[in-house]
Amino acid sequence: MTRAIYEFTESFRIAFSQIRANAMRSVLTALGVIIGIVAVTLMGTAINGIDIGFNRSLALLGDDVLYVQRWPWRRVPDWWNYVNRPAIQVEHAERLNRIFEATPNSLLEVAVPVGARGSSVKAGDVKLGGIMLFGTNADYSRIVTAEVADGRLFTDFEANAGRPVCVLGSAVAENLFPGRPSLGQSVDIRGQQFSVVGVLAKQGEFLGLFSFDNQIILPLNAMRKLWGNRMDLQLRVKVTDKTRLMEAEEELTGAMRRVRGQLPAERDNFSINQQQAFKEQLDPVKTGIAVAGLFITGLSLFVGAIGIMNITFVSVKERTKEIGTRKALGARRRTILLQFLIEAVSICLIGGAVGLAITYVTCLGISGALPELPVEFSSSLMLVSMVVSILTGIISGFAPALGASRLDPVDALRYE
Amino acid sequence: MIAPLPPAAAARSYRTPGNLVIRIEGVTKLYRMGAETVHALRGVNVEIRRNEYLAIMGPSGSGKSTLMNMLGCLDTPTAGRYDFNGKNVAHMVDDELAEIRNREIGFVFQTFNLLPRSDALHNVELPLVYAGVGPAERRERAFEALRNVGLGDRVHHRPNELSGGQRQRVAIARALVNRPSILLADEPTGNLDSRTGEEIMALFEQLYDQGNTIIVVTHEEDIARHARRIVRLRDGLIERDERS
């Protein structure tokens, strides 16, 4: 046992003095491994980053909220089955809430009607376009994902009466009233003055498509005074236990069918959406990146492995006499095998470490240049790349090392 | 430390040979070279006792190298018996032979065969690494062995920083560090000038006096004359086995 340890350390010592002596050759040989490790770690980092960014975005939707809408959040080839669905009504929410209350152990807490439409708004000389208006009622406070940074949400009374009050997203507040407190100011929405009662905390963008800070929340009744029913109405339903989202969805489907008075044979004439739908859309993108990354990784590691196999063969050839000497001094097959395997693995490990360093620096550069991009360098990636390096070394070094270990000592000693 | 003796003045000491170390009986070795079969050894019988000083001589093609490889357990005979310290090594496999070489045989080569990137100390330590000796003891014994060949002040020199004679001394220290039963030297002075060669032979003389068993393979009469017994080979057979 101790002998094996001494042989092991001796092998490492030889390997490193050998690599030092042939530094240029070793680096060039390790190039394939370096590229492979860079590819695999960058790919992992990218997928990781996408996941993190995506989850961050999904959190904005609320992970315990179901959306009842006419259309599902996915592409539908049979659009004709959807286009004639009846519109979602505000009173659906009230009737759903009565059902939830009457249901024992209901997984559903509250349904909130939300009307959405884009518009431009004004305050003094400042005009902002592309603002998302959300008209809702006071129950919105129970499903809102953002903190109210300043002020408050509107009250039940204000909501029911359709009072001209509003809550601004942080970007809207900043752009309309730069450097001033926005509370108590008034905002012009389609000619009507709305007074600001609250400002939301900063939330960020949703998948880089739409900023949650560019929204204004106002009473749905006030919004309907301006646009009537020309808005997209949806119901947001809060779930009591987010780990049982699927069951909650079933319960909601039943409740909604009851509200709609649908017959058992009828298909649902509404869609229930949840953040899961986005995840499913993202999966092929991630798979694509993974396949491309693995392909590049595999290819460069393959080339790298051949390079290392070649260099190990050369190394064995060059040192045939040394192998003979070592055998004469009592090195066993296993010792010689180990020596050359460790040499190959060491080159791979050095390549892997260099590759990791390159990826790390690249990640630092990216997150320095684009801070909003979630780049995360994970320790599991380090582990994976080290394991991959070691395996590459073992696989590519094995054949030459085995050849070296089986050399006949007499022939090896005679070799010039 | 050794005192560099002028060879002529070296008093020849004779010692009573001890127990049997090597016993070779009817050993033959065949090589297949393409279609031809070469009979390198055709039935050799030798006995070597502890603390003998023996030279093996013979012209090229006499089977001298083959016999040396056999004695050094680098190769096994085609037929015949080879007992080393009472153990039959003729049918041993690679790793068993490696074990014997490590513990029982100290090799000295014509070309020294030192590891170029390691210092003298590490070169001498190498057999101990393979023997599984711990680092501290290894260093100590390697030091001791180097002191014994007069290189106590050169332990951290690399081979390219040493003269030929010094390199051969490192090799001799390496051969002796694991206290082998025999010291097997293959043309130990072949790459040295005659003065340095005589120094090495004086060192062998001293090692013999210390009780080592030495086998020198050479084609030079001058070198062989240092030994107390000369085995002459010709055409794969022992032609003469004479003690002086």
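In which helix of chain A is A:V354 found? It sits in α12. Helices here are DSSP runs of H or I with at least four residues, and strands are runs of E with at least two, numbered from the N terminus.

Some ground rules. This is a predicted model: local features need pLDDT of at least 70, side-chain atom pairs count only at pLDDT 80 or more, and totals for chains, interfaces and linings use all residues. Residues are numbered from 1 along each chain as its sequence is written, chains are lettered from A in the order in which they are written, and side-chain values use heavy atoms, with hydrogens and water left out.

Back to A:V354. With A:F8, A:F12, A:F16, A:I350 and A:I358, A:V354 makes a nonpolar surface patch of about 460 Å². Patch residues have over 30% relative accessible area and no salt bridge, and nonpolar side chains are joined within 5 Å. Accessible areas are Shrake-Rupley values with a 1.4 Å probe, and only the protein chains shown count as cover. Helices α1 (2-21) and α12 (333-369) of chain A each supply at least two of the patch residues.

Now the interface. About 2500 Å² is buried, with 56% from carbon and sulfur atoms. That is accessible area lost on putting the two parts together, summed over both. On the chain B side, B:L74, B:R117 and B:Y130 lose the most area to chain A, together 27% of what that side buries.

The rule finds two salt bridges across this interface. A salt bridge is a Lys or Arg side-chain nitrogen within 4 Å of an Asp or Glu carboxyl oxygen. A:R3 pairs with B:E99 this way, closest N and O atoms 3.7 Å apart.

One joins B:R229 and B:E52 at 3.0 Å, N to O. B:R229 lies in strand β9 and B:E52 in the loop between β2 and β3, so the pair ties together parts 177 residues apart in sequence.

Key
Buried area = accessible area lost by both parts, 1.4 Å probe. Patch = residues over 30% accessible without salt bridge, like charges linked within 9 Å, V, L, I, M, F, W, Y side chains within 5 Å.
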